[in-house]
Structure formats: C-alpha cells, structure tokens
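User: I would like to learn how to read the features of a protein model, one at a time. Could you take me through them slowly?

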Amino acid sequence: MKQLSIILIATFLNVGTIFSQERSLPNIDVKTLDGATFNIQNLENENNPIVISFWATWCKPCKKELNNIAEIYEDWQDETGVKVVAISIDDTRSMSKVAPYVNSSDWEYEIYLDSNSDLKRALGVSSVPHTFLINSEGKIVWQHKGYIDGDEDELYEQIQAISK
Amino acid sequence: MKKIIYSLFLLSIISSCEVIEGPYMTGNGGGVDTNSNQYVKNILIEDFTGHLCQNCPDAARELEAIHDLYGSQIIGLALHVGSTFARPYPLSQPKFTYDFRTKWGEELDGFFNISDAGLPKGMINRIDYPGDHRKNKGQWLASVQQELDKEVVFGLNINSSFDGNNSIIDISTDALKDISGDYKLVVCLTENEITNWQKDGVIEDENYIHNHVLRSLITSAWGDDVSLSTNISNGENYTHNYSVNLADLENFNIDYSNNTLFQGNGESGGWNQNNISILAYIYDNSNYEILQVEYASLATN
Amino acid sequence: MKNISLGFILFFLSINIFAQNNGEIHGDFDLNMQSYIEDATINAVAADEVIRNNSFLNIIFTKNNFSAGLRYESYLNALLDYDDDFKGNGIPYRFATYSIEGLEVTAGNFYEQFGSGLIFRSYEEKGLGIDNAMDGIRLKYKLLKGISLKTFIGKSRTYFTYANGIFRGIDGEIDLNETLKLQSKTRYIFGGSFISRYQQRNNPVFELPQNVGLYAGRLNIINGGWNYYGEYAYKINDPVNSIQEDAVNYASGNAFTSSLTFSKRGFGITGEIHRADNMLLLSDRDRIGKAYIMNYIPTLSKPHAYTLLALYPCATQAMGELGVQLDIFYKIKKGSLLGGKYGTKLNLNFSRINGLKGGTSILNDNVNFTPEILSFNEELYYSDINLEVNKKVNKRIRYNFVIANQTYNKDFLEGKTPGEYGVINSTIGVLDLSYKIKKGHTLRMEVQTLIAKQLETASKKEEGDWVMALAEYTISPNWFFTIQDMYNYGNDDESKRLHYININFGFLKGANRFSIGYGKKREGIFCVGGVCKLVPSSNGLNLNITSSF
C-alpha cells in the first residue's frame with residue numbers, strides 16, 4: 001500500500017510538469033469505411049481545429065454526443081471550420097454496423113475504424129466516449145472523458161478559443 | 001535485408017504444422033519399473049469433485065485411465081467439497097441427498113482455494129504450490145509424468161489389524177536418503193464403490209460408482225511429525241500407530257453434516273466397512289509437496 | 001518493492017529530462033475499488049479484506065518514430081468478478097517500437113488481430129478481466145503500395161505469467177486497387193494468415209502434434225454503399241493431452257464468417273452469418289478458461305446497453321454454432337407524419353444462433369463425425385428480435401424506446417443439466433426519456449420491464465419478471481447523479497422478490513473522472529463479444545477514478 005502511494009505521488013507530481021505538454025498524434029493506422037488504411041498522422045484540416053471523438057455503436061453516451069453535435073455541426077463549421085473525426089472502436093462483433101448506423105444517422109463526420117483498439121491504446125483512452133481537440137499545428141490541446149448533455153457547449157468554447 | 005528477415009520467418013512458420021493420421025491409439029508407453037524390493041515413488045492425485053458437478057466424472061475417468069497406464073503407483077483420492085457442487089439436496093428430494101463432504105475436505109479446499117475457481121480441479125502431489133497447484137484434468141498426465149521422474153525419498157508401509165472393537169493401523173516409514181526439514185504424515189480413510197447419484201455430462205446417473213472417496217482423517221489435516229528431529233539420515237525408521245473406531249468416525253461425519261456444513265442434512269453414513277481403505281502420505285511442510293503416499297485395506301474383523 | 005518505488009522516482013526524473021528534448025510522455029490511470037459486505041438475501045459474500053481493488057497506470061513515451069511504454073497493474077486483491085489469479089502487483093506490459101521506411105518493429109508486449117480474429121486475436125478487455133497480450137517480436141512491413149505484411153513470434157500473457165504455447169504468425173493483405181493502380185469504383189482487398197502454436201508434448205498413448213497450424217483467408221469487396229466481407233478459417237488437429245480414447249479429438253476445426261452491408265443516406269442494412277466447428281484456440285492446450293482463449297469468434301447478437309436487455313447474454317460456442325443476424329437502420333424523414341420535427345431513427349435487429357447437427361466434429365479411433373454445414377433446425381441457443389426507436393420530440397425532450405423478445409437456452413449456455421431450467425423466453429420493453437430542464441441541466445429517466453416465460457417442465461424455477469427504474473440528473477460539464485432500482489417482482493419464491501438499489505455520484509473534469517457508488521448488484525453474467533464472466537452478487541461501496549495525461 002505504501003509503495004502504491006509513493007508511486008501515485010510520484011506520478012501526480014510529475015503530471016503537473018508533463019500536463020502542460022502538448023501531444024502529437026501517434027503513428028498508428030486505422031481503416032476507413034471503404035477498407036482503405038489511413039495513418040492518423042495524416043489528418044489535416046487546412047489549419048483549422050480538428051475534434052477526434054472515440055465512440056462505438058454500443059455506447060449510448062457516445063452516440064448521444066455525436067448526434068447532438070450533428071445537429072449544430074453546420075454552424076460550427078461555418079464559424080470555425082472545425083472538422084469532427086469519429087473513430088469507432090467497434091470490434092469484429094459490431095464493426096459491420098458502423099457504416100449503416102452512420103449513414104442512417106446522417107452524420108457528416110469523417111469516420112475511421114480502430115477495431116483492435118490500437119489508436120485507442122496509443123492515445124491512452126480507457127473508456128468511451130473520449131474526445132480530443134487538435135489545433136492547427138496538429139497537436140492535441142484539450143481532452144474530455146465521458147459525455148453529459150450539454151458538454152458540446154464546453155467543447156465548442158474550446159474550439160472557438162483555438163480557432164482565432 | 002528485409003526480404004531475408006521475411007523469408008526466414010516464412011520458412012520457420014510454414015513448416016510448423018503437423019498433420020497426424022490414424023489409427024491414433026499407439027498403446028505403448030506407460031508402466032514403470034516393478035522391482036519389488038525397492039520402494040517406488042507413488043503419486044497422489046487429489047480429485048476435488050462434487051455430485052452436482054457434471055464435468056467431474058470426466059476427471060475421475062482421466063484419473064482411472066492414468067492409473068490403468070501406470071499401475072499401483074497412481075493413488076487417487078476424491079474429495080467432495082464446496083457448497084456449489086457437493087451440497088446435498090433436502091431429504092424431501094428423490095436424488096442428490098447424500099452429503100459426501102467432510103470436515104477435512106472443506107478445510108483443505110479452503111486452504112488450497114480449489115473449488116472457488118470451479119470444479120473439477122486436482123492436485124498432483126500438491127506440486128507447484130502456491131500459484132499453480134490447482135490443475136485441470138488436461139494437466140494431470142504431464143504432472144504425473146514429471147513426478148514419476150523424481151527420486152524416492154521415503155518408503156511407507158501400512159499394516160492393519162483388528163482388536164475386537166477397533167481397527168489398528170501401523171505405519172512404518174523408512175528414510176531412503178539423508179535429508180533435513182519438517183515432514184508430516186497424514187493418514188486418511190477412504191471408501192470405494194459407493195453407488196449414489198452423480199451428474200455426468202448431460203445426464204443424472206443414479207447408479208454412479210464413487211471410488212476412493214475421502215471419509216475421514218485419523219490425523220489432523222496437517223498431520224503428525226514424521227520425525228522429532230529435522231535431520232533425518234538414510235536408513236532411519238519411524239513408526240506411527242493409530243486406533244480407529246469406524247462407528248465413531250461415521251457418527252462424527254453425520255453430526256458434522258447436521259450441525260456445521262452448509263445445508264448439511266446428516267446423510268453421511270451407511271459406510272461399508274469392507275470397502276474402507278487406509279491412505280497415508282508424507283508431505284514437506286515448507287511447500288506442501290507430497291513425497292510419498294501409500295494405500296492399503298483396513299482390517300475390520 | 002522499495003527498489004521499485006526508487007526506480008519509479010528515477011524513472012520520472014529521467015522522463016522530465018527526456019520531455020524537454022522533443023519527446024513526449026503520456027499516460028492514463030484507472031482505479032477501481034469495491035467494498036464487499038455480507039448480504040445473505042442476495043447471497044453476497046463479504047470479502048475478508050473488505051475492500052478489493054484493481055488499478056493500473058499506463059505510460060507511453062514517444063519521440064519521432066520511436067515509442068516505448070509500460071503498464072503497472074495492481075490487484076491487492078482483485079475484485080471478486082476477476083479471476084483469482086490476478087494477484088499482486090507488477091509490470092506485465094512493456095514494449096518498445098520504432099518504425100523506419102515502412103518497417104515497424106515492436107519488441108516486448110503487443111496486441112494483434114489477424115483478419116476478423118477467427119484464428120488469432122490478442123487483445124484486452126478490462127471489463128472482463130481478459131488480457132492475452134503477446135510478448136515477443138512483431139514486424140509490420142508495407143511491401144508495396146497496397147501490400148502489407150505482419151509477422152510475429154511470442155508467448156501469450158495469462159495473469160502475471162505467460163502460457164506455455166509459443167505462437168508464430170504471419171498475415172498478408174493486398175488492396176488490389178492500390179497495388180495494381182486500378183481505377184475501378186470497386187475496391188478488392190484480399191488477405192491470408194497463418195498461425196502455428198508449439199507446445200511440447202509427451203503422451204505415452206497418443207501421438208500428439210507439437211505444432212498446431214491454423215490458416216485463414218479473407219476477402220473484402222467495397223463498392224459505394226455496398227460492402228461484403230468474408231473469411232474462412234481452418235485449424236489442423238489440436239487434441240488435448242489425455243490418455244482416454246474418447247477424450248482425444250483429432251478432428252480439424254473450421255469456421256467462416258460472411259457479412260453483406262448496404263447503406264446510403266437515411267438507410268442501412270446488414271446481414272451476417274457465421275459458423276464455427278471445433279474452432280477454439282488455446283494458448284495452453286491443457287488449460288481451461290477465458291484467459292487462455294487466443295482467437296475471437298464474436299457472438300452474432302446485438303450488444304445491448306440496457307440492463308434488462310442484457311440480463312440473459314449469449315456466450316459464443318466456438319466448438320459448434322451457426323448464427324445469423326440482420327440489422328436494418330432507417331431514419332424517418334424530418335417533417336413527415338411519423339418522423340416529427342426532427343426525424344425518427346429506427347433500428348430493427350434480428351439474430352438467431354443454433355447448434356450444429358450432431359454436435360462438433362470428432363475424429364478418433366472410435367468416431368469419425370463431421371456435422372452438416374448449414375442446418376438451421378438444430379437446438380436453439382439464442383435468438384433475439386428487437387426494435388429500437390430514437391426520437392427527439394422537441395428542444396427539451398428526447399427518448400429511446402426498445403421492445404424486444406429474446407429466447408435464451410439457459411441449460412445449454414450455462415452448462416446446466418438439460419431440463420433443469422430449459423429455455424427462457426423474455427419480452428422486454430425499455431423507455432429512456434431525457435428532459436432538459438435548463439441549459440446544462442438534464443434529467444434522464446429509464447423504465448425497463450422484463451416478462452419471462454419458462455417451460456412448464458423445467459425442474460428449477462428461474463427468477464421470473466423484473467422491472468427497473470433509473471433516474472439520472474446531470475449538470476454539464478461536471479456532475480452526474482444516478483439512482484436506480486431493479487426489482488424482481490415476479491419471482492415465484494416470495495423471499496427472493498428483492499430490490500437491487502444503487503446510487504452513483506460522479507464528477508468529471510477534462511480527462512479526470514471520479515465516481516462513487518453504493519448499492520446491491522445482482523449475481524449475473526457479463527459478456528463482451530461472446531466471452532463471458534460470472535459476476536457474483538455484491539453489496540457495498542464502489543469507487544472509480546480515471547485520469548489521462
């Protein structure tokens with residue numbers, strides 16, 4: 001127990017110094033809905049902000065978040081040029097439902113498939129939903145776990161802050 | 001360069017699959033030396049089981065098959081443990097009303113933490129304690145083979161007589177090499193050929209024959225000291241004597257079932273004296289490994 | 001242990017120096033603590049330690065094309081729904097990887113999946129307590145544009161040790177359009193994989209293969225809204241180390257999975273079929289348990305998020321099952337009569353899983369049996385038909401409504417004697433309504449009901465009918481509070497008509513999440529992808545902290 005607390009303290013002391021660090025996207029491949037391989041480092045949006053949101057077809061709060069954003073996505077894009085990239089961690093069990101679900105929901109997002117959770121692990125995501133905000137230099141500057149109705153407002157404030 | 005790495009990998013991988021054609025049973029192997037003057041290393045397979053455990057008869061059959069292969073060196077002990085698989089149904093039910101559990105079985109199960117992880121599970125001479133002592137029946141053969149290669153450290157001789165009221169058990173232990181440590185002797189009574197209900201796969205068998213079922217421990221679960229000193233020399237001999245009254249032991253089990261065991265109903269009697277045997281083993285107290293085990297019939301008249 | 005904490009401190013000092021030089025360090029932390037109090041009414045056992053906990057800390061360094069990391073896990077002692085063998089502390093996961101000119105090399109631990117996982121999948125699922133990470137070397141190489149190869153050699157993790165079998169694998173995938181530079185609108189992707197497991201064998205009666213090989217081939221065709229995926233897998237003799245004639249099985253195993261999807265704006269349809277026969281791959285042939293399973297055949301049923309819909313979950317039968325599933329997604333347009341102001345989303349799902357005719361393939365000196373390939377009239381294991389309606393009524397109210405009918409063969413799926421519980425047919429209804437009180441404040445209520453029917457002839461009575469109600473109040477962006485009650489009102493045994501009440505309270509900020517809960521949990525089966533764990537009933541406090549940096 002004592003050892004665990006020493007480790008925890010050491011970790012959190014260091015978190016302070018490391019926390020302010022920006023994070024780059026890792027060198028990991030994901031798949032598009034067309035079956036093509038895509039390296040996540042190749043994400044680009046003409047220097048506008050990018051939102052990466054991890055979700056799954058079985059995750060209710062994830063779908064709620066992405067559906068809520070879908071309603072105001074056009075406005076967001078008009079104002080800030082932001083692009084939302086939704087990365088599905090559905091594995092072989094539900095991977096085939098991603099395309100039909102996305103299309104029937106009328107989502108305009110870029111969708112990628114991370115079926116063995118490689119990108120999820122590389123970004124330290126332990127549960128979904130988990131959302132990241134990427135600035136014009138391709139660095140992750142903000143992240144958020146979970147989703148509560150209304151969180152999209154906080155996300156939008158962050159987007160606006162970096163899009164100026 | 002990369003091409004070479006890949007070709008090497010490919011070669012090693014693609015050559016690695018074996019297709020075996022029938023007939024499959026080769027029938028050789030098994031059986032060990034039968035030099036009757038020397039002591040051989042016997043192996044105790046403790047089969048933790050329960051009459052409601054439908055996968056358990058497969059394990060009991062594996063034990064029998066290993067016994068058939070290697071002969072009298074393999075000694076089996078069936079311990080019916082746990083409330084999930086060994087609890088009896090209420091007396092009003094037509095089946096599974098017998099309570100095979102014992103005080104010592106529950107104690108050993110609790111200490112070695114066997115039934116919590118599901119049954120059937122067994123221990124082979126209690127090797128690989130702690131961490132890997134619970135063995136699935138698929139691991140028994142390999143563990144037995146591993147044990148058969150070990151050297152014999154103790155020799156056990158069991159003799160039994162009847163004095164009119166009680167059965168007398170005399171155990172003689174010979175040390176076969178110089179060793180030091182803390183060794184304990186445990187003496188049990190087991191019963192063969194008990195016919196009673198058992199779940200077996202998808203059926204419920206009314207006429208299942210239960211063998212080498214643990215009935216009672218004469219010593220405590222942790223045994224008596226083999227020797228009073230920790231240094232033992234080659235050739236030393238130790239004797240232990242016990243006097244047992246089967247009726248008393250049977251009543252103890254019945255009371256224990258009624259008063260202490262979870263949902264116990266006292267149905268632990270009906271012992272057939274002619275089928276009772278003595279099972280004695282010596283284990284090393286530092287790691288619980290069983291070094292020798294022996295088996296003999298109990299004199300009851 | 002002292003050395004470990006000293007090591008950690010030095011470790012972190014060096015991280016800080018490293019961090020200044022263009023390298024990055026990130027990680028995430030998770031702590032899950034539960035207290036177990038005795039509660040005889042629900043058969044909950046107290047834990048001797050009172051509190052049990054699972055926690056882990058992941059750390060990853062990256063610098064340009066190099067990355068390394070580790071995970072420290074602590075089980076002092078593990079929660080009761082985890083296997084007992086998760087004991088103690090350690091660093092069971094550590095790796096280093098670099099990539100250069102299209103070649104990526106990983107040394108240490110890694111996760112890997114070939115194709116859809118039919119012959120090999122090494123993954124982690126913390127909810128189930130599964131983590132069969134490989135430890136060894138893996139190479140990934142992009143041979144040409146559109147052709148990628150991966151190979152690895154390693155042992156698989158079980159708890160804090162490694163299982164006996166040594167795995168070697170190779171997988172290749174070719175994207176025809178990219179490689180041959182076709183301008184076709186249809187994309188063709190072919191893939192093939194091979195796995196071999198070596199485990200030493202010394203059986204005196206049977207000749208057992210020490211190298212067991214598995215092959216798989218897959219095909220993916222995509223054209224606009226159409227997508228077809230098919231994979232076939234084959235396993236060469238893999239008998240168990242037994243000396244009983246009837247226990248050794250030299251039959252080969254096979255499995256296939258096939259799915260066809262069509263989707264366009266507002267509509268999507270998916271049809272899937274899969275079959276598995278003697279297709280269980282274990283990292284140690286002699287052991288039993290989900291910790292040793294090395295391939296992935298997901299159950300062909302919808303993963304349900306609502307409690308009563310997941311009360312009777314289906315476990316995959318890798319040794320023999322045939323399943324089909326159909327999903328239809330449709331959005332009724334905005335402004336139409338049924339659609340309402342914002343449109344209504346519908347999802348109809350049907351799945352059915354049955355056994356193979358005659359059981360699994362068997363080959364030994366006494367029996368030579370192969371079941372028919374497609375036979376849908378065999379013993380039903382599980383079936384589920386459900387309709388989900390999702391609608392936003394106005395700015396304040398939205399709801400989800402689900403109605404389902406499930407058939408669950410409890411005797412077979414839970415390994416009971418036939419006739420003990422029989423088949424349970426349940427009709428389930430769920431209404432999940434959210435009401436936005438004002439900006440950032442939302443009240444969500446759920447009511448679920450389950451009506452179960454069991455065959456008259458079953459010898460034991462199943463729990464019967466359930467009802468569940470839940471209220472959740474959330475304040476964006478930080479707070480949530482939930483209270484729920486599951487009530488088994490329909491139990492034939494009056495003393496078992498219990499309420500399972502739970503309250504949960506939590507705080508989220510950025511990448512940190514704290515939640516604390518208290519209540520009773522029902523004994524049940526929790527499955528992810530067809531792999532299941534038994535969750536014992538419990539009564540106590542639950543604390544969960546997660547954080548990422």
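Analyst: What follows is a walk through chains, sheets, cores and backbone details, and it concerns a predicted model.

User: Let me begin with chain A: how many helices and strands does chain A have?

Analyst: Chain A has five helices and eight strands, and read from the N terminus these elements follow one another as α-β-β-β-β-α-β-α-β-α-β-β-α. Buried residues account for 48% of the 164 residues in chain A.

User: How should I read a sheet, and in which order do the strands of the open sheet in chain A lie?

Analyst: The general idea is that strands of a sheet pair through backbone hydrogen bonds, in either a parallel or an antiparallel manner. In chain A, an open sheet of eight strands has the order E1-E8-E7-E4-E5-E6-E2-E3, and its pairing is mixed. Its edge strands are E1 (23-24) and E3 (37-39) of chain A, each of which pairs on one side only. Strand E2 (residues 29-32) of chain A runs antiparallel to E3(A) and is joined to it by three bridges, and within this pair A:Val30 has A:Phe38 as its bridge partner.

User: Which strands does helix H2 of chain A touch?

Analyst: Helix H2 (residues 60-80) of chain A packs on the sheet and touches strands E4 (50-55) and E5 (83-88) of chain A, with a direction at about 150° to that of E4(A). Helix H5 (residues 151-163) of chain A, for its part, lies across E4, E7 (130-134) and E8 (139-145) of chain A, and runs at about 170° to E8(A).

User: Now to the other chains: which strands does E10 of chain C join?

Analyst: Strand E10 (residues 134-144) of chain C runs antiparallel to strand E5 (residues 103-110) of chain C, with eight bridges between them, and in this pairing C:Thr106 stands opposite C:Arg138. E10(C) is also joined by 10 bridges to strand E11 (residues 147-158) of chain C, again in an antiparallel way, and here C:Leu144 faces C:Ile147 as its opposite residue. E10(C) and E11(C) form a hairpin with two residues between them, and C:Gly146 in the turn has a positive phi of about 95°.

User: And what is the order of the three strands in the open sheet of chain B?

Analyst: The order is E4-E5-E13 of chain B, with antiparallel pairing, and the edge strands are E4 (154-162) and E13 (237-244) of chain B. Direction ignored, neighbouring strands of this sheet are turned by 15° against each other on average. Eight bridges join strand E5 (residues 167-175) of chain B to E13(B), and B:Asp170 stands opposite B:Asn241 there.

User: How do I read the places where chains meet, and which chains share the most contacts?

Analyst: In general, the size of an interface is often given as the accessible area lost when the parts come together, although here we can count residues instead. Of the two pairs of chains in contact, chains A and C share the most contacts, whereas no contact joins chain A and chain B, whose closest C-alpha atoms lie 21 Å apart.

User: Which residues lie in the largest nonpolar core?

Analyst: The largest nonpolar core has 73 residues, and those with the most contacts inside it are B:Ile66, B:Val187, B:Leu279, B:Ala280, B:Tyr281 and B:Ile282. Residues that B:Val187 touches include B:Ile169, B:Ile218 and B:Tyr242. Apart from this core lies another, of 42 residues, among them A:Leu25, A:Ile52, A:Trp55 and C:Phe329.

User: Finally, what should I look for in the backbone itself?

Analyst: As a rule, most residues other than glycine have a negative phi, and most peptide bonds are trans. In this model, the peptide bond from B:Tyr129 to B:Pro130 is cis, with omega near -15°, and the one from C:Ser476 to C:Pro477 is cis with omega near 0°. B:Asn125 has a positive phi of about 50° although it is not a glycine, and B:Gln263 likewise has a positive phi, of about 55°.

User: Are B:Asn125 and B:Gln263 buried or exposed?

Analyst: B:Asn125 counts as buried because it has 25 C-beta neighbours inside 10 Å, whereas B:Gln263, with 11 such neighbours, counts as exposed. B:Asn125 is placed in the loop between E3 and H4 of chain B, and B:Gln263 lies in the loop between helix H5 (246-259) and strand E14 (276-284) of chain B.

Definitions and conventions
Residues numbered from 1 in each chain as written. Chains lettered and ligands numbered in written order. Predicted model: local features only at pLDDT ≥ 70, side-chain atom pairs only at ≥ 80, totals over all residues. Pairing = 2+ DSSP bridges. Helix = DSSP H or I, 4+ residues; strand = E, 2+ residues; numbered from the N terminus. Buried ≥ 20, exposed ≤ 12 C-beta atoms within 10 Å, placed from the backbone. Contact = placed C-beta atoms within 7 Å. Axes fitted to C-alpha atoms, helices over the stretch in contact; angles between N-to-C directions. Core = buried A, V, L, I, M, F, W, Y, C linked by C-beta atoms within 7 Å. Lists of a residue's contacts leave out its neighbours within four places in sequence.
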